Amino acid sequence: MNLQDSITRAAQWINNSKHTAVFTGSGISIESGIPTFRGKEGIWNKYNPEMVEIQYFRRHPKESWGVLKEIFYNYFGNVQPNDAHRVIAELEKMGIVKAVVTQNIDNLHQEAGSKTVYEFHGTSRTMSCMGCGSMFESKVISLDVLPPRCMTCMGILKPDFIFFGEPIPREASMLSFYEAQTADVVLVIGTTGEVFPACQVPINAKENGARVIEVNTEPSQFTFGITDIFLQGKATEIMNELLKEIKKTS
Ligand code: NAD
């Protein structure tokens with residue numbers, strides 16, 4: 001089947017579905033200008049992943065924060081959602097997409113207008129005090145002096161995304177796996193499927209009978225395993241085409 005036929009079939013499945021869920025990875029945000037972690041241009045080619053291990057952070061918060069600031073806050077502060085994020089938000093408004101489960105921490109789904117977003121790895125939007133637990137919007141915290149400190153107790157602030165060695169946020173995990181058990185179509189966009197346990201979400205959906213439509217520039221761990229329709233290409237281009245086709249065939 002050529003790409004156009006595959007898009008048409010995917011649009012029909014989505015239109016006929018009662019509950020479409022979306023599962024995204026860092027590939028969806030590449031066209032907004034955020035690099036992935038792994039791969040040729042990946043962040044880990046430039047920085048040591050040890051810097052975002054929780055044990056390292058506890059012992060060396062200043063050094064860890066130097067890297068966190070550069071990787072996350074310098075990049076994420078200036079980026080905008082792209083068409084792929086916007087199409088997903090529009091599909092939610094149309095009543096088709098019920099929820100987005102994302103591995104991303106960049107807040108771009110919400111900025112595009114998505115309302116029901118489960119952040120499997122937490123978020124860079126807020127930070128919490130390691131001393132008293134107070135939570136702050138990241139944008140009100142100055143990173144001129146590191147590590148940033150709590151305005152209430154002067155404790156050290158930590159971003160609310162998970163570091164290596166930390167558990168998945170309980171509520172996001174429960175809601176994500178609930179989606180996996182409820183969805184009849186899962187749209188998987190821009191993820192290698194190599195990060196555990198996040199990769200279990202679409203696998204679990206497939207085991208529960210969902211059809212899996214995948215959008216990626218390259219085959220992933222899912223493509224030859226659980227994917228029913230593989231739409232190869234950039235997320236923005238494929239999602240724009242898919243939306244057109246959904247509107248045509250609805
Ligand atoms: P990954 O870096 O392992 O893989 C990215 C995937 O995106 C690859 O399969 C690649 O082929 C695909 N891709 C590249 N360009 C694309 C495009 N234009 N359109 C569609 N697909 C494209 O990403 P991952 O699987 O999400 O795992 C990395 C982990 O790192 C995630 O768990 C996430 O938490 C974190 N992360 C998040 C961000 C972010 O918040 N934007 C950025 C980097 C890493």
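The chain exposes about 12100 Å², of which carbon and sulfur atoms supply 50% (areas by the Shrake-Rupley method with a 1.4 Å probe, where for residues only the protein chains shown count as cover). This is a predicted model, in which local features need pLDDT of at least 70 and side-chain atom pairs count only at pLDDT 80 or more, while totals for chains, interfaces and linings use all residues. Residues are numbered from 1 along each chain as its sequence is written, and side-chain values use heavy atoms, with hydrogens and water left out.

Of the 250 residues, 53% count as buried, a term that stands for under 20% relative accessible area with a 1.4 Å probe and protein chains only. The radius of gyration, taken over C-alpha atoms, is 19 Å, which agrees with the value near 18 Å that a compact globule of 250 residues would have (the globule rule being 2.2 Å times the number of residues to the power 0.38). Along the principal axes, the C-alpha atoms fill a box of roughly 55 × 35 × 30 Å.

The chain holds eight helices and nine strands, assigned as DSSP runs (H or I of at least four residues for helices, E of at least two for strands). Among contacts between residues at least 6 apart in sequence, 66% join residues at least 24 apart, a contact being heavy atoms within 4.5 Å.

Turning to the aromatic side chains, ring pairs link Phe-57, Phe-72, Phe-161 and Phe-163 into a cluster, where rings of Phe, Tyr and Trp (its six-membered ring) pair if their centres lie within 6.5 Å. The charged end of Lys-158 sits over the ring of Phe-163, 4.2 Å from its centre, and Arg-211 lies over the face of Trp-13, at 4.1 Å from the ring centre; such a placement requires NZ of Lys or CZ of Arg within 6 Å of the ring centre and within 35 degrees of the ring normal.

Conventions. Phe/Tyr/Trp six-rings, centres within 6.5 Å; stacked < 30°, edge-to-face > 60°. Buried < 20%, exposed > 50% of the residue type's maximum accessible area, 1.4 Å probe, protein only.
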